[in-house]
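Below are my notes on the two-chain model you asked me to look over. They are set out as numbered points so that each can be checked against the coordinates.

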Amino acid sequence: MSVGLQVSPEWWVAGPYQWRLSLVRTSGGCRWSVPVEAAAGPYQWRLPLVRTSGGCRWSVPVEADAGPYQWRLTLPALPQVMKTCRMMGIQTVAVHSDVDASAVHVKMADQAVCVGPAPTNQSYLNMDAIMEAVRSTGAQAVHPGYGFLSENKEFARRLAAEGVAFIGPDTHAIQAMGDKIESKLIAKAAQVNTIPGFDGVVEDAVRIALDIGYPVMIKASAGGGGKGMRIAWNEEETRDGFRFSTQEAASSFGDSRLLIEKFIDNPRHIEIQVLADKHGNALWLNERECSIQRRNQKVVEEAPSTFLDADTRRAMGEQAVQLAQAVQYSSAGTVEFLVDSHKNFYFLEMNTRLQVEHPITELITGLDLVQQMIRVAKGYPLLHKQEDIPINGWAIESRVYAEDPYKSFGLPSIGRLSQYQEPLNLSNVRVDSGISEGSDISIYYDPMISKLVTYGATRAEALSKMEDALDNYVIRGVTHNIPLLREIITHPRFISGDISTNFLPEVYPDGFNGHQLTAGGQRELLASAAALHVSAQLRAQTFLGTISSLGLPPSLCVCPSPFFPCLPPSACVCPSPSLPQVEVGGESLVVSGEWDLASPLLPLKINNTPRMLQVLQGLQLLFKVRVLSPLAAELSSFMPEKVPEDTSSILRSPMPGSVVAVSVKPGDTVAEGQEICVIEAMKMQNSMTAAKTGKVKSVHCKAGETVGEGDLLVELE
Amino acid sequence: HLWLRTSFGGLARVKHGVVAATASQVSLQQQCRRYAVGQLSVKERIDKKRQEALLGGGQPRIDAQHKKGKLTARERIELLLDPESFVEYDMFVEHRCSDFGMEQDRNKFPGDSVVTGQGRINGRLVYVFSQDFTVFGGSLSGAHAQKICKVMDQAMMVGAPVIGLNDSGGARIQEGVESLAGYADIFLRNVLASGVVPQISMIMGPCAGGAVYSPALTDFTFMVKDTSYLFITGPDVVKSVTNEDVTQEELGGAKTHTAVSGVAHYAFENDVDALLNLRDFFNFLPLSNQDAAPVMESHDPSDRLVPAMDTIVPSETTKAYDMLDIIHAIVDEKNFFEIMPSYAKNIVVGFARMDGRTVGIVGNQPKVASGCLDINSSVKGARFVRFCDAFNIPIITFVDVPGFLPGTAQEYGGIIRHGAKLLYAFAEATVPKITIITRNAYGGAYDVMSSKHLRGDVNYAWPSAEVAVMGAKGAVQIIFRGKDSQVEAEAEYVEKFANPFPAAVRGFVDDIIEPSTTRKRICRDLEVLASKKQVNPWKKHANMPL
């Protein structure tokens with residue numbers, strides 16, 4: 001039963017009442033949400049086979065009933081592949097590391113094999129163990145997923161040698177496209193536009209950079225996904241970048257070769273999905289706009305792009321197909337382009353695997369890429385012609401990461417998902433995730449929680465659905481980037497389509513600071529906090545089996561808070577007798593809702609506009625609201641401000657990870673900005689620098705150690 | 001009785017002590033009392049006295065109190081209690097000292113240095129005393145003690161908790177032995193009320209010398225960070241006796257007592273935070289030992305499954321996890337009021353609700369020292385269990401304990417005697433006792449942690465539970481000492497003992513349950529056990545191993 005706000009008026013004459021809303025302990029803070037569009041688009045289908053794919057039109061599996069698909073498939077960590085396999089009647093075997101033993105993909109599979117301990121090089125990159133798993137389970141095919149061995153030619157070769165199908169392109173295509181230097185040469189030969197740069201193995205980075213002209217991009221030859229990739233604007237940065245990228249490339253890909261090319265300022269990252277079979281047919285399945293990135297990793301993607309016209313799209317698609325055909329590509333692949341403001345496009349690289357963001361292409365084209373990959377691997381010709389490939393509606397994907405968006409747009413965070421609820425109650429929402437409530441986000445793997453995909457007939461519809469979905473997404477136990485995602489998709493520049501890969505640093509030059517409330521938003525937040533508090537307090541006075549004779553307070557004070565600059569410093573919130581009305585700063589708001597104080601989501605109506613309130617706990621607070629009685633507010637003014645500890649002389653780890661190198665020892669003098677140590681987390685190396693000039697007092701970490709977030713690394717005097 | 005004199009004498013050296021307070025009050029009091037008694041009617045005199053009582057030591061002293069970041073005695077009561085519910089007693093009581101000029105009018109304050117009475121918190125009755133630092137530094141006179149005793153006596157008669165808000169420089173030195181007698185009167189009542197009504201002490205300023213024994217005798221001692229101190233003797237006396245240099249904060253601040261000494265149970269940020277949280281805390285407690293623990297309305301379904309529990313215990317037996325994660329996930333609305341969160345962290349104790357009912361939760365914390373039992377954690381757990389038992393609060397115990405901590409430090413410190421306290425407390429308790437073995441329950445510590453053998457009402461094991469004398473490696477080393485096939489033997493031992501079956505087949509656990517159903521099971525059991533009646537043999541009182 002929930003406490004409603006229907007309270008008889010006489011409760012209100014009970015005189016001054018002391019009470020407060022400590023949003024810190026009992027009810028946390030509020031993540032704010034903006035109106036929910038009542039109109040649901042025309043696409044309200046939901047296929048019973050695919051639980052998480054509201055709004056996705058799967059094509060009917062043509063050969064599903066035929067014999068040839070009695071395959072067993074081995075795959076690492078890919079629940080959505082399993083769904084397709086199940087739909088096609090293919091048995092699956094999940095390979096997993098020991099920490100993933102109870103992961104979603106393992107539970108979904110018909111059979112599971114543990115291939116080693118948590119570190120990827122001992123499990124998901126351990127070819128011997130995976131080959132053994134393939135043999136022991138009698139799998140006839142392997143789907144390699146997104147990362148790990150998906151673009152590893154050696155793995156594909158070994159599978160081929162044993163007569164096991166690799167669901168992906170042939171070895172030679174992987175080899176050709178996997179090497180960025182070679183792929184560029186092939187692209188040039190196939191008359192694909194390429195970026196000016198140095199097509200060779202880098203030895204003297206500074207000289208090459210000078211030849212090409214700054215800014216330059218240094219990246220791992222074998223790399224992908226932004227790892228081992230750095231931009232340099234001058235000689236010093238080139239040297240640093242070269243050093244870090246070499247290390248990262250070596251640790252992530254086991255190949256430290258780098259390449260350098262001209263860095264195109266203010267570009268868009270647009271990629272073309274291609275699909276080719278073993279019979280020489282190839283299609284382009286339109287583009288994906290992936291410009292919203294941080295540290296060269298994609299955050300928000302959409303399909304189609306607002307920027308491309310039909311001619312450019314076709315030109316890009318045709319070049320992508322040329323490239324695919326030049327390497328006799330088969331299976332699904334992605335050709336990445338940089339597009340400048342004049343719609344010139346340059347080939348970047350080709351990913352010879354399924355991309356993380358493939359669902360948005362599936363949604364607008366109606367093709368199930370996993371199914372197509374399996375068909376192609378089995379040797380079937382493509383079912384579609386280029387003119388069959390439509391753009392139906394609009395799809396947007398947000399990558400929900402376990403990371404702190406307030407630090408460099410996202411530094412990894414780890415923890416246990418103490419509560420986890422996907423917004424699957426909404427239509428046209430698809431969530432691809434490999435985790436569930438209780439899962440651990442560990443330092444061993446990418447901190448991605450899920451891909452949240454929404455679909456609409458128009459872009460506006462898809463965006464509005466995304467807003468809803470983000471507001472209804474409940475993640476507790478780890479810091480996540482939903483606040484940033486929500487800001488991006490509601491930013492005027494994003495809405496108008498005015499984006500580039502520099503979107504985040506341009507829009508938030510001082511870093512992301514969270515949502516800025518408008519005056520109206522502030523009033524609504526205060527009103528909901530007050531109403532929430534009223535219901536919580538009402539309940540606190542209700543003891544079952546006894547008669548309660550207490551009333552509600554006639555007025556509340558909202559304590560001064562830097563979050564509310566538009567309101568007078570001690571605005572008064574007056575819940576009026578005609579509940580559920582709340583007066584804030586002279587304006588009357590009607591707050592109504594079912595007050596289920598145990599639920600993480602509180603759908604409210606404020607002046608009849610639907611709002612979603614998330615009740616948080618502890619440190620995740622975005623807006624600190626203290627609702628107090630006038631007395632408590634007055635007395636709070638006597639409470640001393642507590643001085644926080646001076647952190648400039650203390651270096652703490654901003655994230656969990658492992659210490660790669662420590663550059664100082666006690667007694668050293670360091671300059672402000674000088675590197676003190678390097679922490680590697682989620683395969684990214686981060687240089688920790690001194691916040692001030694001083695002498696090193698003590699060093700609390702050493703290379704090879706694992707550190708947690710907030711752990712003391714180095715103290716200065 | 002030398003210690004008593006020393007410690008009480010030391011009070012004058014407390015920074016906010018009595019001596020300093022009296023000296024500067026003279027001019028202030030002259031202003032306050034410029035009227036002739038004879039010219040006023042009785043009614044006017046009553047009003048006048050009431051006005052004076054409300055002002056305590058006068059506005060300048062109130063301002064000084066505020067300047068220190070502290071509230072006045074009356075402001076504190078107002079904030080703690082429901083509006084307009086406070087009923088004050090003894091507003092006209094004055095001290096009776098006639099030495100050192102204390103008999104003069106200007107040295108008399110209606111109500112003296114404490115405000116007492118009763119009121120309501122969320123509608124439930126509570127007796128309160130709040131020491132007034134603005135009057136003689138809150139020092140304890142005979143009259144002051146008498147006022148406190150009066151509310152305590154009545155609280156015991158009607159069966160309602162007593163909350164003391166302590167802010168006192170110590171004994172009223174001018175009164176000498178009368179002040180000491182006052183302390184003893186209070187101590188006696190603290191002892192008599194113990195186990196009859198809940199007693200809570202909130203330390204909101206200095207509390208030194210003999211005065212500290214009243215909080216020590218109460219059930220819970222809370223402190224306010226940076227403004228409260230508890231010590232037997234202040235830093236000056238410490239310096240003169242042991243030549244140690246120590247600040248008030250280091251010696252007896254909130255941090256010291258919540259993390260090092262274990263004297264205090266919780267520290268709050270400031271006065272407002274403390275009093276508002278105390279209101280929340282109060283809602284967990286029954287009014288007396290005759291009263292059932294309160295049942296609140298809960299929005300959290302009692303049959304809620306908690307899937308996250310199925311994966312919380314790591315598959316590697318050596319890997320730690322956070323017992324607080326389990327507690328938060330299982331109790332109502334994640335609302336857990338942890339007692340002594342910074343002290344003996346290898347055991348977690350605190351209050352929560354299950355389907356609205358108050359429960360006391362005790363859990364080994366694998367994250368700290370593998371959750372082993374040592375001296376401090378045994379004492380912490382034992383005191384909490386005894387409080388719950390005294391006040392009809394069911395006890396839920398989460399067990400993951402590798403044993404008692406070995407070593408000379410523990411043995412010399414008397415782990416045998418202190419460990420026995422926890423054993424004693426669990427065995428003696430007659431409230432409903434539900435135990436969940438989440439992982440290890442090894443050796444004597446298994447027996448101690450509310451086992452079936454100590455009259456546990458419902459004892460569950462998770463599939464990850466291991467009830468054994470010790471871990472496989474150690475056991476095999478003893479059983480097969482000197483033999484070769486230890487690896488095989490270890491595998492055999494694991495197969496035989498590293499699971500819940502040995503305990504389950506003997507009925508020492510009632511069931512092996514899916515962790516995700518734990519909340520549902522506990523809620524159901526509590527409902528059944530609500531009518532539990534169990535009586536210990538008649539005795540004058542037990543003789544626990546103190």
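1. In which loop of chain B does Asp90(B) lie? Asp90(B) sits in the loop between β1 (87-89) and β2 (114-121) of chain B, where helices (H or I, at least four residues) and strands (E, at least two) are DSSP runs numbered from the N terminus. Its phi is near 55°, a positive value in a residue other than glycine, and at 16% relative accessibility Asp90(B) counts as buried; buried means under 20% relative accessible area, exposed over 50%, and partly exposed in between, with a 1.4 Å probe and protein chains only. Asp112(B) lies in the loop between β1 and β2 of chain B, has a phi near 50°, again positive in a residue other than glycine, and counts as buried at 3% relative accessibility.

2. On conventions, this is a predicted model, in which local features need pLDDT of at least 70 and side-chain atom pairs count only at pLDDT 80 or more, while totals for chains, interfaces and linings use all residues. Residues are numbered from 1 along each chain as its sequence is written, chains are lettered from A and ligands numbered from 1 in the order in which they are written, and side-chain values use heavy atoms, with hydrogens and water left out.

3. For the overall form of chain B, there are 22 helices and 17 strands, and the C-alpha atoms fill a box of roughly 100 × 55 × 45 Å along the principal axes. Of the 546 residues, 58% count as buried. Among contacts (heavy atoms within 4.5 Å) with a separation of 6 or more in chain B, 74% come from residues 24 or more positions apart.

4. At the interface, 36 residues of chain A are in contact with 43 residues of chain B. The area buried between the two chains is about 3700 Å², of which carbon and sulfur atoms give 54%; buried area is the accessible area (1.4 Å probe) that two parts lose on being put together, summed over both. Across this interface the rule finds one salt bridge, defined as a side-chain nitrogen of Lys or Arg within 4 Å of a carboxyl oxygen of Asp or Glu. Arg539(A) forms a salt bridge with Glu333(B), with the closest N and O atoms 2.6 Å apart. On the side of chain A that touches chain B, α16 (519-540) and α17 (630-636) each supply at least two residues, and the largest share, four residues, comes from α17(A).

5. Which salt bridges within the chains deserve a look? Arg268(A) is buried at a relative accessible area of 7%, and Glu289(A) is buried at 1%.

6. Glu357(A) forms a salt bridge with Lys298(A), at 2.8 Å between the closest N and O atoms. Glu357(A) lies in the loop between β16 (345-351) and α10 (358-365) of chain A and Lys298(A) in strand β14 of chain A, so the pair ties together parts that are 59 residues apart in sequence. Glu357(A) counts as buried at 1% relative accessibility, and Lys298(A) is buried at 9%. A network of salt bridges links residues including Lys298(A), Glu357(A), Glu271(A) and Arg288(A).

7. In chain B, Arg279(B) forms a salt bridge with Asp82(B), the closest N and O atoms being 3.0 Å apart. Arg279(B) is in helix α13 (residues 271-282) and Asp82(B) in the loop between α6 (73-80) and β1 of chain B, 197 residues apart. Both are buried, Arg279(B) with a relative accessible area of 5% and Asp82(B) with 4%.

8. Finally, a cis peptide bond joins Ala303(A) and Pro304(A), with omega about -5°. Pro304(A) is found in the loop between β14 (297-303) and α9 (310-326) of chain A.
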